[in-house]
Amino acid sequence: MRLYLCNFTTLSEPQKQMILAWRNHENVKAYMYNTNDISEAEHFAFIESLETRTDRRYFLVQHEGVDIGVIDFNDISATSATLGLYANPKLDQKGIGSLLMQSIVEYAFKRLKVQILKAEVFEENAKAKALYEKFGFCEKGRKMVNEKEVICMELANEHQ
Ligand SMILES: CC(C)(COP(=O)(O)OP(=O)(O)OC[C@H]1O[C@@H](n2cnc3c(N)ncnc32)[C@H](O)[C@@H]1OP(=O)(O)O)[C@@H](O)C(=O)NCCC(=O)NCCS
């Protein structure tokens, strides 16, 4: 099973365009905190900003040569990071979420070497919630974002 991570800061122009289309897809943006359409200028500026940010990293994930989705880490500290992910909305194949999560868990604990991996998910997002639970994440609290309930979950390095 070959998983390859391409840092957003190394993407080609067509790869950036492809990811912008994914991010603005109905099935993806509905589950993000920022549900607005992102403009090309905004997207390119965001990717450029990542070159100087040490607290966040974004990757395009490829599996056996296929672009399967995006994973990201925010609020990276010496001890923890908060994950994000979305699958390529044009792929209609089962198990993409699990491949993305596998790359997230491996990168967080082996490369970032954090002890705690955090996730925040809208309560209504059954797929993502099921995916996090499958990987051992436990609920730690709840909060409201955009007037919707969000579950705050965590996975400790020793529990994966
Ligand atoms: C979250 C996401 C990456 C999951 O990817 P996916 O390819 O759909 O994942 P899977 O098909 O492997 O499904 C994940 C699990 O949820 C289960 N599932 C699917 N629909 C479900 C539902 N309605 N209720 C409960 N579980 C469900 C699947 O059976 C699977 O579990 P399994 O592997 O044990 O069978 C994808 O749906 C996505 O990109 N969503 C939009 C962005 C998003 O929500 N990101 C997360 C923000 S917190």
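Q: How far apart do the end C-alpha atoms of residues 6-158 lie?
A: The model is a predicted one, where local features need pLDDT of at least 70, side-chain atom pairs count only at pLDDT 80 or more, and totals for chains, interfaces and linings use all residues. Residues are numbered from 1 along each chain as its sequence is written, and side-chain values use heavy atoms, with hydrogens and water left out. The unreviewed UniProt entry annotates residues 6-158 as "domain: N-acetyltransferase", and such annotations may be inferred rather than shown by experiment. This span is 33% helix and 33% strand, and its end C-alpha atoms are separated by 27 Å.

Q: What radius of gyration does the chain have?
A: Taken over C-alpha atoms, this value can be set beside a globule rule of 2.2 Å times the number of residues to the power 0.38. For 160 residues, a compact globule would come out near 15 Å. The chain agrees with that, at 15 Å.

Q: Is Ile76 buried or exposed?
A: Ile76 sits in the loop between strand E3 (66-74) and strand E4 (80-87). Leaving out residues up to four places away in sequence, Ile76 touches Thr54, Asp55, Arg56, Arg57, Ala81 and Leu112, where contact means heavy atoms within 4.5 Å. Buried means under 20% relative accessible area, exposed over 50%, and partly exposed in between (1.4 Å probe, protein chains only). Because its relative accessibility is 17%, Ile76 counts as buried.

Q: Which loop holds Lys113?
A: Most residues other than glycine have a negative phi. Lys113 is not a glycine, yet its phi is positive, about 55°. With 56% relative accessibility, Lys113 counts as exposed. Its place is the loop between helix H4 (96-111) and strand E5 (116-122).

Q: What is the relative accessible area of Asn146?
A: Asn146 lies in the loop between strand E6 (138-145) and strand E7 (148-156). Asn146 also has a positive phi, near 55°, in a residue other than glycine. Asn146 is partly exposed, and its relative accessible area is 45%.

Methods
Helices (H or I, at least four residues) and strands (E, at least two) are DSSP runs, numbered from the N terminus.
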